[in-house]
Amino acid sequence: MGSLTRLDRGEFLDSYWPGLYQSGQHVLLTGATQRSGKSTLGYQLLEAVPQHVADKQAYCMKPRDRTVAEATKRMGFREIDNWPPVKYPWQTEPAGYTLWPKHTFDPDRDNERLKGIFRRAMLDAYKKGDTILFLDEVFGVAELGLHDELSSILSRGAGMGTAAWMSVQRGSGTQQVSIPGFVWSQPYHNFIAHSSNKTDRQKYADMNGDFDPSWIEN
């Protein structure tokens with residue numbers, strides 16, 4: 001069983017993560033929705049990755065999200081609602097892109113349009129390489145039917161420097177939406193929130209033999 005080292009988040013982000021993270025490494029953030037701070041941590045991690053390591057793209061599938069809006073502004077990302085981005089010669093290259101399509105609140109229309117937009121962006125990143133795709137939340141990708149695209153990035157993108165960063169609500173999964181098994185098996189870095197759910201804790205232990213489930217027990 002592995003050992004546990006405790007670090008202050010600021011110390012980890014400033015002194016460890018920038019040198020620890022390497023191009024093409026997939027990342028998984030797991031915790032309860034609205035309570036664990038997955039999105040906040042994900043954007044902090046993304047901001048701490050040196051700019052030369054990879055291009056950065058954040059995908060938002062929600063109609064509104066204050067955390068995404070604040071992070072986009074703080075990080076100097078350019079918010080766009082379609083892909084590919086329109087670029088003009090007089091514009092400087094932003095620190096990254098937040099792909100955030102507008103919603104009509106008609107589920108049928110929105111799902112079809114969002115699927116096309118995110119599919120184009122994911123495949124472009126897959127082909128281009130050296131890109132981080134922050135998929136917050138990965139269940140949204142599954143709901144849009146982008147299983148094959150996500151699986152391709154997770155199973156074959158790392159060698160080209162294309163990394164999927166994903167947030168997910170529960171380690172033991174959900175009955176409503178199935179996500180590719182690669183979501184659990186391929187990430188190089190796992191960030192796991194405290195959990196009082198025994199099934200969730202066991203899932204994390206199954207993912208990594210050095211993981212002690214008591215580390216995240218409430």
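This is a predicted model: local features need pLDDT of at least 70, side-chain atom pairs count only at pLDDT 80 or more; totals for chains, interfaces and linings use all residues.
**Ground rules.** I number residues from 1 along each chain as its sequence is written, and side-chain values use heavy atoms, with hydrogens and water left out.

**Cores.** I looked up the nonpolar cores, each a set of buried Ala, Val, Leu, Ile, Met, Phe, Trp, Tyr and Cys residues joined through side-chain atoms within 4.5 Å. Buried means under 20% relative accessible area, exposed over 50%, and partly exposed in between (1.4 Å probe, protein chains only). The largest core has 31 residues, and Leu 150 and Met 166 touch the most other members. At least two residues of this core come from each of E4, helix H4 (107–128), strand E5 (131–136), helix H5 (138–143), helix H6 (147–157), strand E6 (162–168) and helix H7 (182–185). H4 gives the most, with seven residues. I take helices (H or I, at least four residues) and strands (E, at least two) as DSSP runs, numbered from the N terminus.

I then listed the contacts of Met 166 (heavy atoms within 4.5 Å). Leaving out residues up to four places away in sequence, Met 166 touches Val 27, Leu 28, Leu 29, Leu 135, Val 138, Leu 150, Leu 154, Val 183 and Pro 187. A second, separate core holds 26 residues, among them Leu 13, Val 68, Met 75 and Ala 163.

**Helix H3.** Which residues of H3 (66–75) are buried? I find Val 68, Ala 71, Thr 72 and Met 75. Seen down the helix axis, the buried residues of H3 fall within an arc of 105°, so they line one face; the arc is that of the directions from the axis to the C-beta atoms. The face turned away from the buried side carries the exposed residues Arg 66 and Lys 73. The cover over the buried residues of H3 includes helix H2 (38–48), strand E2 (55–60), E3 and E4.

**Salt bridges.** I counted seven, taking a side-chain nitrogen of Lys or Arg within 4 Å of a carboxyl oxygen of Asp or Glu.

- Asp 55 and Lys 128 meet at 2.4 Å, N to O. The pair links strand E2 and helix H4, 73 residues apart in the chain. Asp 55 is partly exposed at 37% relative accessibility.
- Lys 102 and Asp 81 meet at 3.1 Å, N to O. Lys 102 is in the loop between E4 and H4 and Asp 81 in the loop between E3 and E4, 21 residues apart. Lys 102 is exposed at 57%, while Asp 81 is partly exposed at 26%.
- Lys 127 and Asp 124 have their closest N and O atoms 4.0 Å apart. Both lie in helix H4, three residues apart, about one turn of the helix. Lys 127 is exposed at 63%, and Asp 124 is partly exposed at 32%.

**Surface patch.** Val 86, Tyr 88 and Trp 90 form a nonpolar patch with about 380 Å² of accessible area together. Patches take residues with over 30% relative accessible area and no salt bridge, joining like charges within 9 Å and nonpolar side chains (Val, Leu, Ile, Met, Phe, Trp, Tyr) within 5 Å. Areas come from the Shrake-Rupley method with a 1.4 Å probe; for residues, only the protein chains shown count as cover. Trp 90 lies in the loop between strand E3 (77–80) and strand E4 (96–99). Trp 90 is exposed, at 67% relative accessible area.
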